[in-house]
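Here are my notes on the model you sent. Please read them beside the coordinates.

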Amino acid sequence: MGMKKENNMLTEKEKMRLEKFEKISDDMQMKEFKRQDLTIDLKKANVLSLVLFIFLFVAGKALYYLVNQKLVFSDINPLSFLIIFIVLIVVHEMIHGACWVAFTHGSFKNVEFGILKPTFTPYCTCLVPLKKGQYIVGAMMPGLLLGVIPFIISIIVANPSMLIIAETMIAAAAGDMMILLKIIGYKSSASEVMYMDHPTEAGGVIFEK
């Protein structure tokens with residue numbers, strides 16, 4: 001959700017989310033679950049996003065040329081690109097939410113949308129624990145649907161405008177990628193493991209027993 005904050009720096013929405021999370025955490029620990037935080041540094045995520053975009057811009061153009069035998073730069077104008085980017089960022093968060101709503105029996109009470117004030121960045125967070133596969137699907141789906149799949153299609157159909165937008169949306173999912181790598185890289189011998197978003201920081205929390 002953001003950089004680590006002291007309680008007196010939290011917004012009212014964040015305080016309410018933290019209070020709900022602490023109740024869930026207490027309940028899970030009463031059931032003998034142990035808690036492990038897997039949060040990420042948003043500054044590193046932003047750097048990764050920039051590096052990833054530069055890499056994709058170069059690699060995408062090279063792959064586009066190899067497949068289509070021509071190198072064509074996008075003719076999309078900056079204003080149109082900005083509008084499309086803003087709309088897709090919102091859609092990105094809606095896809096997170098739609099996946100997690102589907103996994104929580106269709107209840108929108110279990111997800112929360114908002115905007116991080118310092119960066120005006122939209123976000124979606126799941127307010128209840130999920131199984132590993134459910135959490136991973138919800139985290140990876142926006143980058144897949146808005147980035148990876150359009151990236152492949154843009155090269156096949158030779159659409160440079162779609163290519164640059166797809167590259168941008170893959171880069172925009174850098175934070176999601178970092179969270180997924182942390183989850184996948186975390187090895188647990190527990191028989192039961194549940195995953196949920198951290199209420200005030202970027203990343204997740206694992207409950208295991």
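The points below go from the basis of the model to the whole chain and then to single residues.

1. Basis. This is a predicted model, in which local features need pLDDT of at least 70 and side-chain atom pairs count only at pLDDT 80 or more, while totals for chains, interfaces and linings use all residues. Residues are numbered from 1 along each chain as its sequence is written, and side-chain values use heavy atoms, with hydrogens and water left out.

2. Secondary structure. The chain contains six helices and five strands. Their order from the N terminus is α-β-α-α-β-β-α-α-α-β-β. Helices (H or I, at least four residues) and strands (E, at least two) are DSSP runs, numbered from the N terminus.

3. Overall dimensions. Along the principal axes, the C-alpha atoms fill a box of roughly 60 × 35 × 30 Å.

4. Of the 209 residues, 44% count as buried (buried is under 20% relative accessible area, exposed over 50%, partly exposed in between; 1.4 Å probe, protein chains only). Among contacts (heavy atoms within 4.5 Å) with a separation of 6 or more, 71% are between residues 24 or more positions apart.

5. Surface and charge. The accessible surface is about 11800 Å², and carbon and sulfur atoms hold 67% of that area; the method is Shrake-Rupley with a 1.4 Å probe, and for residues only the protein chains shown count as cover. The mean positions of the 21 positive and 19 negative charges lie 2 Å apart. Lys and Arg count as positive and Asp and Glu as negative, without His and the chain ends; each charge is placed at NZ of Lys, CZ of Arg, CG of Asp or CD of Glu.

6. Cysteines. The structure holds zero disulfides (a disulfide is a pair of cysteine sulfur atoms within 2.5 Å). For Cys 99, the nearest cysteine sulfur is that of Cys 124, 9.4 Å away. For Cys 126, the nearest is also that of Cys 124, at 7.6 Å. Cys 99 is buried at 14% relative accessible area, and Cys 126 is buried at 1%.

7. Helix residues. Which residues does Ser 25 touch beyond its neighbours within four places in sequence? They are Arg 35 and Phe 207; Ser 25 itself sits in helix H1 (residues 12-30) and is buried at 2%. Ser 154, in helix H4 (residues 132-156), is buried at 0%. Not counting residues up to four places away, Ser 154 is in contact with Tyr 64, Asn 159, Met 162 and Leu 163. The C-alpha atoms of Ser 154 and Tyr 64 are 8.5 Å apart, across 90 residues of chain. Lys 43, in helix H2 (residues 42-68), is exposed at 58%. The C-alpha atoms of Lys 43 and Gly 175, 132 residues apart along the chain, are separated by 9.7 Å.

8. Backbone to check. Most residues other than glycine have a negative phi. Glu 32 has a positive phi of about 75 degrees; Glu 32 lies in the loop between H1 and strand E1 (34-39) and is exposed at 63%. Ala 158 has a positive phi near 60 degrees; Ala 158 is in the loop between H4 and helix H5 (160-172) and is partly exposed at 25%.
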